[in-house]
Every structure is written in structure tokens, then in C-alpha cells.
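Trainee: I have a model open and would like to learn how to read it. Where do we begin?
Mentor: With the picture itself.

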Amino acid sequence: MVYAATGAASRNTMSSKTSRWQALRQAWTGGGPRLPPRPEARPVHDLGMATVVKDEGRYLDEWIRFHSALGVERFFIYDNGSTDDTPRVLRPHIEAGRVSLIPWRHFDVFANTQNQAYAHAVANLGPSCRWIGFFDVDEFVFPLGGESLPEFLAPRAHVPALGVVGFFFGTSGHAVPPGGGVVENYTSALTLEAQKRFPKLLNIKCFVQPAHVAAARSAHYFELTGTDTVAFSEHGAELHHFPRDEPERLTADLIRYNHYFTRSAAEFERKRVASDVRGARARSQAEFRGRLFEVIEREAVPDATILPVAQRLTAAEGRGV
Amino acid sequence: MSVLRRMGRWRRLYYVSKGKGPFLPPFPASGDPPHALGMATVVRNEGRYLPEWIEFHAMLGVERFHIYDNGSTDNIHAVLAPYVATGLVEIIPWLSFDVFANTQTQAYGHAIANLGPLCRWIGFFDVDEFVFPTASPSLTAFLAEREALPAIGVVGQFFGTSGHQEPPVGRVVDHYTQGVPLDVQKRFPRLLNIKSFVQPRRVAVARSAHYFDLVETSAVAYSEHGVPLAHLPRRKPGLLSVDLIRYNHYFTRSQSEFEAKRVRRSVRGVRFKAIEKTRSETFALIQENAVTDTAISPWAEKLSRRLEAGLPDAAT
């Protein structure tokens, strides 16, 4: 097998989920599609979001409303073969012009479907948005100082990509899905210190300025034009592949995301062994996820940071703001 | 994926490194698709011509269209809004996002995987290509007789400017009536092209705009008479005929439009001088050899009657 031997591509970006053919393609391309040069953009929106979903009909509405209220104007939702009521749930948002639902079943054996979707978003949503956030439907991102997301990003116009640190939330005692949304029901999470003790739980997700993206590389960050840096922290520190190798640069003083990774115990068990956008679940990957679950459940403590933000947003929605 | 396994290791590497593909994953097991026939196409600023193209093929039995929008600036969403509202058409933004991929074949691979579960057959024709049967009541009837075949290659006939310097008011199928006969095209093989209807489950690789690598055979398509066609079909012109089905390729449209197209970039990317020259040579051949061709007239008349009667857009 021929592997590219230069620079970042020489680092092993394979996860145990990667098939042999995907590994070859990823090694060749560095993880995901390399974007072609794009014409000068005239963005009409400050902030868009792109995400890949499969059978998240139950959770999509809360996620869209939360981030809409925080200033996200456009959503590209890539549907990786949902068979639930996702289209019905999204119809009001599509008619309002907020959401574009793009079918995105796996269509290339050599490609990582998620990285492909992210590259597609940079090329297709990019021209109309100054920033794009790449967060999953179980990830809720919010600034801690009460401002909206565009207000948080505006002073960072010189930053090509902002890496936001995430907090893993556990089951908070729920064995089966409770009524209501995730924000109100799941309230125990790991602390940043605990995550630094278990580095696999130290992750970032990015807001990027599309014009600065050279290639899609993973769900967590992109290759940026003209630099080895993959993102900048909230304080402006340079982050490199892997950000968890420089844990002192990862802070969550100004902005963070809550990662409702487990939801209820029953849902987690189903997810642990199911396929995801990257393909069928390898047994080693299922075991690894099981170990993550144990750590999260053991170490999670009450975390109500998001609640004032959610309450403020719900009140604003109620007032019709 | 037998076609991939049949290739050697190095040929697979070559295919991947050249960006050929997409290499389609095995189809998930599913029930009978709800629709018999869908169509997928990549467009850029074809707003003027899209409604006619959609109506024509919907009349012939196409029930779903995937329109891949490669950066249209002529308000495609407004033009197609009525069709999108009925669920006949889905517009998918498709600006190039992979410098190593062929944007068009990538869209075709996406269509196989995403429109495939909904349709027993998918046709891959451009907006200037109108496909019609000459001895069947509809495209669905023509294809239903050929369920055993994984892909049908339809032979095309190039149509010229038919004397139009500027775009005429009215339909393409009514106003461009001069096409190159098949026996003349066989004397100039560069004018011999096929486009395919495929059964999505039986396709392995979206290799070009014209045909696909198939799972069960090294043939790239089957002719209207069921004869296997190999890459490149134009090398065996004796196997190509237009007795039962054909497409009219309104390649030039009016003179002024052709001038603009000749120097324009295409979905494949940057326009090279060599391609510009080829287009000009093709144009000259068409203009010299086109004669009156009215094979499409019965369908054109039916389309007129259908639109005057205000029939619903979605095919029944």
C-alpha cells in the first residue's frame, strides 16, 4: 500500500472504524475532500450550521430552536438515511427558510461520508455565511457571557477557525428516554479536569470561516489554508492535531458545548452497537464506547451551566423575539 | 463490488488516485421502491429550459427528479418552486467540494445512493437531452419490458441550430427540428454517444456521464435490443440503433447561445482550449449534416395538449 509520507498526512488518522479502502483514501487525501479554490464570497448571513443526522427526529427540533435563538441563521442538515419522521419534524423549519435538508446516504466506498458532507457544506453553504459551525445534534454550543453566537464570533474575524471545548454529559439517572428535551433532563457532566485525566474525552468542535478551509479532515476540525494550525482556542492559542496533546491550551471560560453523548441508558446501548455515519460499528469500537460510558457515569457531577441560557432563550421565544 | 475485486490491486489504486468513482457501496436491502423511474441531472443556469424538460419527461413517466445545482445564478429555486412543492423535484446544491472528484459523476453516485432506494430505474440525461420511446407508450413501459437488464444505453442524435440565430420563443422540442441522422453519425464516431438508464441496485461505479461500471458484467450498458455494449460503445457502431428509443441532444440550441457555451466552463471544470476546439468541430459537423427530424413530434404535440389542459405537474 502506498501511503503519503509528508507532513500531517503521515500521522495516523485512522480510527478503528475505518475500512481498509477508506484508510487508503484518507491517507492519500489527508482525511477528507480537498476543497477547490472558491470565488470571492459575499456572505449574507453571519452564522450557519451543518450537521449529519440519522433518525434524530425526536431531538432535531430542540437543537434547531436552541441554536436559532442563539443566532444561527441557516442550517444544512445532511440526512444519512433516516427512516423516522425527520422530514415531518423539519418541514416548518424548511418552509421558514432556515433549514435545507440534503439527502446524504453513503455513496462512495472510499469516502468518509461525514467529512464529505462537511466539505460540501463549506463549498455550498460557505458562500452565504461568514461562519459555519460543525456540531452534531447531541451537541449544544453556547457562549458563557450571555451574548449570541454571532456576537461572540464578531471580534474574532481574524481567526480562521475557533475550536470549542466540549463536556460529556451522562445519563443523569435516566434509564429510558424521559419526556421533554435533553437540556432540561440531562444535567450531570464530567468536569474539564476529569476530561484532562481521560484524554479521549477531551474534544473540540469548530466554527470555521469557509474561505480559510483547505480540506475537510475530521468531524472535529479542518485543514486550514497556509498553516498547520487546525483551530484557535477561545483565548487565541493555536491548536494542532491532536488538540488533546496540548491540554493546557484547552479551556472553557468563554464558550463551550454540551455533548449529550449518552442520553438515556437504553438509547446509549442501542447506539453503542449500531452503525453511524462512518459505517458499521466495529466490535472494538463498541467496546471502546462502553468504556467511555463507564468513565462518564462514574465521574459525572451536576452541571447546570446551560440552564440559565436555555431559560433566557425560551423566555425570548415566548415573547416572540 | 465484484467489479472492484476483478481489478488488480494496482488498477484499484489507479482508479482511486485518478478520482474515478464514486465506488458505490452495496445497496441496503429494502422493499420494492415506490417509483418506477427517476432522473438525475447536473445544471447551471438552465432556468429557461428546465420546466419544459421536466414536463416532457414527467409526461413520459418520470416520477422523481434530482436536480444538482452547480452554482446557478438565475433563481432556480423560484423557477422550480411549483415542482418542488409537489415533491416531483428535489434541488440539491452541488458546487464542487472535492478538487480530485469529477463533480458530475460524483453527483451521479449521490443520485444512485439517495434516489436509488426510491426508484427502480434512474435516467442520467442532461437538460438539453430529451429521451423518448418511438414504439412504447411511455419510458416506464419501455423499461418494464427490460427489467432483466441492469442498464440500457440510449443512442443520441445531435440537433443543430435549425436556422435560429437567437433563442426562439417557445419550446425546444418544437423549434429545433434539424438533427444528424444515425448513419451519418456513424461516419463521424465522435458524434456517437449513449446515455444510460440504470437500475441503481446493479451499478458498481459512477465512471462517466455516459455509462456506469455494472456489478454483474463487464458490459457498461445494453442496447435497446438487449445487446451488451462495451467501453467505448462507439467502437462497435453496428450495435447502436434508434429503432425503439433515442434521445435528441439539443447540443447547439441557437447560434448565439452556442457561441456563449463554446467558451464557457462546464461542470467538469476549467475550460481547456482543446475542448473549445472540439466543441467548434462538433458544431461544424452538426450544422453541415443536420436534416429535418420529426421523430419527437408526436410527443411534442402530446406535451402541448397536456400543458394547455393544465394537467398536474406530477406524473400519475
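Trainee: Does Arg130(A) count as buried, exposed or partly exposed, and at what relative accessibility?
Mentor: First, a caution: this is a predicted model. Arg130(A) has 39% relative accessibility, so the residue counts as partly exposed. Under 20% would be buried, and over 50% exposed.

Trainee: Which side chain does Arg130(A) meet in a salt bridge?
Mentor: That of Asp46(A), at 2.4 Å from N to O. Arg130(A) sits in strand S4 of chain A and Asp46(A) in strand S1 of chain A, so the pair ties together parts 84 residues apart in sequence. Asp46(A), at 32% relative accessibility, is partly exposed.

Trainee: How many salt bridges does the structure hold over all chains?
Mentor: There are 27. Look at chain B next. Asp128(B) pairs with Lys261(B), with the closest N and O atoms 3.5 Å apart. Asp128(B) lies in the loop between strands S4 and S5 of chain B, Lys261(B) in helix H9 of chain B, and 133 residues separate them.

Trainee: Are Asp128(B) and Lys261(B) buried or exposed?
Mentor: Asp128(B) is buried, at 10% relative accessible area. Lys261(B) is buried too, at 11%.

Trainee: Which residue forms a salt bridge with Lys195(B)?
Mentor: Glu129(B), with the closest N and O atoms 2.8 Å apart. This pair joins strand S8 of chain B to strand S5 of chain B, 66 residues apart. Lys195(B) and Glu129(B) are both buried. Salt bridges can also share partners: Asp61(A), Arg65(A) and Glu317(A) form one network that way.

Trainee: Now the interface. What is the area buried between chain A and chain B?
Mentor: Start with the general idea. Interface size is often given as the accessible area lost when the parts come together. Here chain A and chain B bury about 2,400 Å², and carbon and sulfur atoms give 71% of that. Pro103(A), Arg105(A) and Phe107(A) supply 25% of the area that chain A buries against chain B, more than any other three residues.

Trainee: How many residues of each chain are in contact?
Mentor: 26 residues of chain A contact 28 of chain B.

Trainee: Which element of chain A gives the most to the side touching chain B?
Mentor: H4(A), with five residues. By class, that side of chain A has 18 nonpolar, four polar and four charged residues.

Terms used. Residues numbered from 1 in each chain as written. Chains lettered and ligands numbered in written order. Predicted model: local features only at pLDDT ≥ 70, side-chain atom pairs only at ≥ 80, totals over all residues. Heavy atoms only, no water. Contact = heavy atoms within 4.5 Å. Buried area = accessible area lost by both parts, 1.4 Å probe. Helix = DSSP H or I, 4+ residues; strand = E, 2+ residues; numbered from the N terminus. Nonpolar A, V, L, I, M, F, W, Y, C, P; charged D, E, K, R; others polar. Salt bridge = Lys/Arg side-chain N within 4 Å of Asp/Glu carboxyl O. Buried < 20%, exposed > 50% of the residue type's maximum accessible area, 1.4 Å probe, protein only.
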